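Dear colleague,

Please find the structure below, handed over for your study. A short account of the findings follows it.

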Amino acid sequence: GRRLHELVVELIRSHVARMSDVAVLEVKVLELEKTIEHEAAITQSLTEQFDASGVREEALVRELSSIRDESSHFKTAGESEKRSLRAQVMRLERELSVSLMTAERERRAAEEAAKQVAL
């Protein structure tokens with residue numbers, strides 16, 4: 001009788017300990033799900049920023065191309081017009097370069113943020 005009672009008590013203790021482990025794991029799973037949702041939100045935001053910078057780059061490339069086309073038609077135009085077009089082309093090239101660097105920085109920041117969240 002006594003041995004059976006001890007076995008039942010031990011079984012109950014072991015069951016309670018397992019249930020406690022399960023509860024701890026459930027909390028950890030919830031925390032992980034929250035972290036994943038947060039990471040997804042960050043990734044989405046960075047993706048949108050990256051896409052927006054891509055749209056800006058495409059617009060600059062189109063404008064640059066159009067100015068280069070105009071420039072070819074103005075070969076016979078006066079030197080002052082040529083200087084003005086050259087200045088515009090240089091300005092757009094600088095803007096495009098900055099935009100490309102910004103997009104690269106944003107991409108690196110996205111990767112770094114993803115790494116941090118993964119840790």
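**Salt bridges**

The side chains of Arg107 and Glu111 form a salt bridge, with N and O 2.5 Å apart; the term means a side-chain nitrogen of Lys or Arg within 4 Å of a carboxyl oxygen of Asp or Glu. Both residues lie in helix α2, four residues apart, about one turn of the helix. Helices (H or I, at least four residues) and strands (E, at least two) are DSSP runs, numbered from the N terminus. Salt bridges with shared partners join Glu104, Arg107, Arg108 and Glu111 into one network.

Please note that this is a predicted model, in which local features need pLDDT of at least 70 and side-chain atom pairs count only at pLDDT 80 or more, whereas totals for chains, interfaces and linings use all residues. Residues are numbered from 1 along each chain as its sequence is written, and side-chain values use heavy atoms, with hydrogens and water left out.

The whole structure holds seven salt bridges. One of them pairs Arg68 with Glu93, the closest N and O atoms being 2.4 Å apart. Arg68 lies in helix α1 and Glu93 in helix α2, so this pair ties together parts that are 25 residues apart in sequence.

**Overall form**

The protein has two helices and zero strands. Its C-alpha atoms fill a box of roughly 115 × 15 × 10 Å along the principal axes.

**The interior**

Of the 119 residues, 14% count as buried, that is, under 20% relative accessible area, with exposed over 50% and partly exposed in between (1.4 Å probe, protein chains only). The buried residues of α1 pack against α2, where contact means heavy atoms within 4.5 Å.

The largest nonpolar core has seven residues: Leu60, Leu64, Ile67, Leu85, Val89, Leu92 and Leu96. Such a core is a set of buried Ala, Val, Leu, Ile, Met, Phe, Trp, Tyr and Cys residues joined through side-chain atoms within 4.5 Å. Helix α2 gives the most to this core, with four residues.

With kind regards
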